[in-house]
Every structure is written in C-alpha cells, then in structure tokens.
Amino acid sequence: MKIQLRFFAGVREALGVADEAVQLPDSVVTVGDVRSWLRARGGDWAETLAEGRSLRMACNHEMTGPGTRLTEGCEVAFFPPVTGG
Amino acid sequence: MTVKVQTEDFDLSTEAGALRRAHPEAGALACFVGVVRDLNQGVAVSEMELEHYPGMTEKSLEAIIGEARARWPIADALVIHRYGKLAPTDQIVLVAVATAHRGDAFAACEFIMDYLKTAAPFWKKETTAGGAHWVDARDTDTRALEKWAQTAAEPGADSRH
C-alpha cells in the first residue's frame, strides 16, 4: 500500500522531513504499525517516534489512535500535542 | 458558521458587526480574543511563530463548531485563527458566537476555545533570549475539557435566566 506521511512542528524538525510518500510492506496495516515501521529506521526516527513519547497521530485529517486501519493513498500525520489558541 | 485560518490580522469590530447585522434574532454576541503575551512562565518572549496543518486545521475547527451547535442553539459562530510570525500583544485567535440569550453565547464561546486548545492542529514556537523553542502543551488545557464532559447532559440548562 502507498500512503502519504506528514510531520509537523517539533517532530518535523527532529526528523528533518515535512512529508514523504512511502510504499508500505503488507505487514503494516494500522497507524500504529506505521509508527513502529518508521521507528525501525533507527536514529532520530527511533527516538522521536518512541513509545512513551507524547505524540499525536492523524489519518486523513482526523485525530486518531494507533488502531486505525490504513487505506490506499491515505495521509498519516505525526505531531506533538497541539498548542494553539 | 465561518472558519478562517490566515496570516493577516483581524478587526474585532468589523467581524462582530457583520455577525450582529446578519442575525437580528440574536440578542447575545460573545467574543473571545487570544493574544500573544510578552511573558510565558516567567521568561520574556520576543517573537512567536505559529505552525498549522492546512486542511486538518479547517476540518477540526468546523467539527468543534459542529459539536457546539449540537449542545447550544447557536445562530452563528466564527473562528479566525492566525498562523505565521506574531509579536507580543498581537491577536492570535477570535471566537465569536451569536445566540438568542447570553448564557448560551458565553458557554459556547468557552467550549469552542477549550476544544480548540486541545484538538486544532496549531503549534507555537517562542523566541526568548535563550533561543527559539516549541511551547509544551499544558495539562490545564486538557483539564479544562473535563467540565464539558460533566455538563454534557444539560446543554444550555442555565441560559434562560
């Protein structure tokens, strides 16, 4: 499956990437799987996306949990807790 | 119901006036303006930069207004949120809610702000003498939502007095 990744604020700066199109292996089926799969890249990816780090996730512009299933072409975003207003 | 995400400043009188004139049935108009402070947790702030997630930002603000409409009889609501570079005393956000009576306007305005604080994808980066850093989310913002969970069963219950 092909999906679009987006990173914002401190997460974007830590990874040095704002967006990326990726081809996922068949074993990656949920938003949480994407996080684990990206962590396996090591280095800043392992640290920034580590379990226990305060991180929010969105799928197709909606805040979501790790269990949300991916769909072809969906947009998955990782970012810190929001601080607007 | 209007949502605007923009770099430009806004004029409170112009926005409030437009809402007022468009809704003669609304006897109450509550407006909240969020402003950049020159101090955050005791440290002087010289500049602030706001980043957001285009597309998701608008969608989440519309969803928050939709949630407020399900709880209170709202004639109209407006949210304007700025992004980009801002300085102390600059306006960041405007939430304006027009309703028949004041109780609903006050409550819905506060509800929209409380949800915006925890659900709309904006991030603040402050510049201080020590350099630029991302502002941490506050527990108090999450706790502010708890009162709405408790009052969910009786929207507008005290608004007719």
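Leaving out neighbours within four places in sequence, B:Ala77 is in contact (C-beta atoms, placed from the backbone, within 7 Å) with B:Met1, B:Ile65, B:Ala68, B:Ala96, B:Val97 and B:Ile112. This is a predicted model, where local features need pLDDT of at least 70, side-chain atom pairs count only at pLDDT 80 or more, and totals for chains, interfaces and linings use all residues. Residues are numbered from 1 along each chain as its sequence is written, while chains are lettered from A and ligands numbered from 1 in the order in which they are written.

**Core**
- B:Ala77 turns up again in the largest nonpolar core, which has 56 residues; such a core is a set of buried Ala, Val, Leu, Ile, Met, Phe, Trp, Tyr and Cys residues joined through C-beta atoms within 7 Å.
- Buried means 20 or more other C-beta atoms within 10 Å of the residue's own, with C-beta atoms placed from the backbone.
- The residues touching the most other members are B:Ala68, B:Ala77, B:Val97, B:Ala108 and B:Ile112.
- Helix α3(B) gives the largest share, eight residues.

**Helix α2(B)**
- Helices here are DSSP runs of H or I with at least four residues, strands are runs of E with at least two, and both are numbered from the N terminus.
- The buried residues of α2(B) include B:Ile65 and B:Ala68.
- Those buried residues pack against β3 (56-59) of chain A, along with chain B elements, among them β6 (74-82) and α3 (102-119).

**Sheet in chain B**
- Four strands make an open antiparallel sheet in the order β7-β5-β9-β10; strands pair if DSSP finds at least two bridges between them.
- β7 (84-86) and β10 (131-134) of chain B each have a single partner strand, so one side of each lacks a neighbour in the sheet.
- β9(B) and β10(B) pair over four bridges.

Note on methods. Buried ≥ 20, exposed ≤ 12 C-beta atoms within 10 Å, placed from the backbone. Contact = placed C-beta atoms within 7 Å.
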